[in-house]
Amino acid sequence: MLRSGTRDLHRVAERSGLMRRLLTGDVDREVYCRLLRSLHAIYQQLEPALERHAAAGPVSRIHLSGLSRSAVLEADLDALHGGDWRNAILPTAAAVSYVERLRQIDESDPVLLVAHSYVRYLGDLSGGQVLGRVTARALDLRDGRGTAFYTFGPPGAEALAIRYRQGLAAIRVPAAEAARIVDEACAAFRRHCAMFEELG
């Protein structure tokens with residue numbers, strides 16, 4: 001349901017603003033750092049929320065060790081910008097709005113965290129692997145410096161993606177609840193489109 005329900009918006013996101021440029025290697029370091037800063041703000045809200053709700057319910061099925069991206073984003077920003085990035089680079093307005101939405105559902109509707117986890121982590125584990133290679137070439141980054149975001153330790157991106165999909169397949173919720181998760185995932189893709197357009 002998630003794959004089919006978000007397919008069209010996924011394609012739109014891949015062609016939106018900065019993402020369209022990034023996929024062709026047309027990106028500079030400053031704008032790329034703004035993207036990482038915005039993603040960091042999102043993960044800083046998403047990951048503690050997932051942790052809080054990981055003990056039971058649907059979130060427990062897709063909360064896997066090895067997925068967390070906050071620390072590697074910090075390492076990339078340190079490498080690409082320097083240690084003052086928290087104050088020197090602001091998240092986009094779309095990212096700030098996204099963070100607020102994550103805060104709301106963390107507090108009142110945590111089943112919807114599954115949607116945001118799906119959009120972010122499966123993107124990082126699949127298309128993100130292509131972005132990592134393109135970004136390394138475009139910004140002349142070597143030895144993993146500045147691209148830790150796209151690197152997943154053991155068992156690696158492919159194995160984690162398989163485990164993640166297995167976790168999704170194990171989620172059992174009523175049809176109405178599943179539909180709400182799909183709707184939230186669609187909204188998450190729209191938020192990404194807005195962020196990519198802002199950066200582009």
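Arg120 touches Leu39, Tyr43, Leu46, Phe149 and His192, leaving out residues up to four places away in sequence. Touching, or contact, means heavy atoms within 4.5 Å. Arg120 sits in helix 8. Helices here are DSSP runs of H or I with at least four residues, strands are runs of E with at least two, and both are numbered from the N terminus. Arg120 counts as buried because its relative accessibility is 8%. Buried means under 20% relative accessible area, exposed means over 50%, and partly exposed lies in between, with a 1.4 Å probe and protein chains only.

This is a predicted model, in which local features need pLDDT of at least 70, side-chain atom pairs count only at pLDDT 80 or more, and totals for chains, interfaces and linings use all residues. Residues are numbered from 1 along each chain as its sequence is written, and side-chain values use heavy atoms, with hydrogens and water left out.

**The chain as a whole**

The protein chain has 11 helices and 0 strands. Its pattern along the sequence is α-α-α-α-α-α-α-α-α-α-α. The C-alpha trace spans about 50 × 35 × 30 Å along its principal axes. The radius of gyration is 16 Å, which agrees with the value near 16 Å for a compact globule of 200 residues. That radius is taken over C-alpha atoms, and the globule rule is 2.2 Å times the number of residues to the power 0.38. Of the 200 residues, 48% count as buried. Among contacts with a separation of 6 or more, 82% join residues 24 or more positions apart.

**The largest pocket**

The largest pocket has a volume of about 1,100 Å³. It is lined by 41 residues, and those closest to its centre are His10, Tyr118, Val119, Leu122 and Phe189. A pocket is found on a 1 Å grid over the protein atoms alone: it is an open set of points with protein on both sides within 12 Å along at least five of seven lines, and lining residues have an atom within 4 Å of a point. Grid points are joined across faces, edges and corners, and the volume is the space filled by probe spheres set on the points.

Which helices supply at least two residues each of the lining? They are helix 1 (2-14), helix 2 (17-23), helix 3 (29-52), helix 8 (113-125), helix 9 (127-138), helix 10 (157-169) and helix 11 (175-199). Helix 1 gives the largest share, 9 residues. By class, the lining has 25 nonpolar, 8 polar and 8 charged residues. Ala, Val, Leu, Ile, Met, Phe, Trp, Tyr, Cys and Pro count as nonpolar; Asp, Glu, Lys and Arg count as charged; the others, Gly among them, count as polar.

**The nonpolar core**

The largest nonpolar core has 66 residues, and Tyr32, Leu35, Leu113, Leu125, Tyr164, Leu168 and Met195 touch the most other members. Helix 3 gives the most to this core, with 12 residues. Such a core is a set of buried Ala, Val, Leu, Ile, Met, Phe, Trp, Tyr and Cys residues joined through side-chain atoms within 4.5 Å. Tyr164 is in contact with Ile62, Leu64, Leu67, Val114, Ser117, Tyr118, Tyr121 and Leu122, leaving aside neighbours within four places in sequence.

Ala49 is found in helix 3. Its relative accessible area is 0%, so Ala49 is buried. Cys186 lies in helix 11. It is buried, with a relative accessible area of 10%. Cys186 contacts Gly5, Thr6 and Leu9, again leaving aside neighbours within four places.

Two C-alpha pairs involve these residues.

| Pair | Separation in sequence | C-alpha distance |
|---|---|---|
| Ala49 and Asp106 | 57 residues | 5.7 Å |
| Cys186 and Leu139 | 47 residues | 31 Å |

**The loop between helix 9 and helix 10**

A cis peptide bond joins Pro154 and Pro155, with omega about 15°. Pro155 is in the loop between helix 9 and helix 10. Asp140 is found in the loop between helix 9 and helix 10 as well. Asp140 is not a glycine, yet its phi is positive, about 55°. Asp143 also has its place in this loop. Its phi is near 60°, a positive value in a residue other than glycine. Is Asp143 buried or exposed? Asp143 counts as exposed because its relative accessibility is 83%.

Notes. On a 1 Å grid over the protein atoms alone, a cavity is a set of points where a 1.4 Å probe fits but cannot get out, and a pocket is an open set with protein on both sides within 12 Å along at least five of seven lines; lining residues have an atom within 4 Å of a point.
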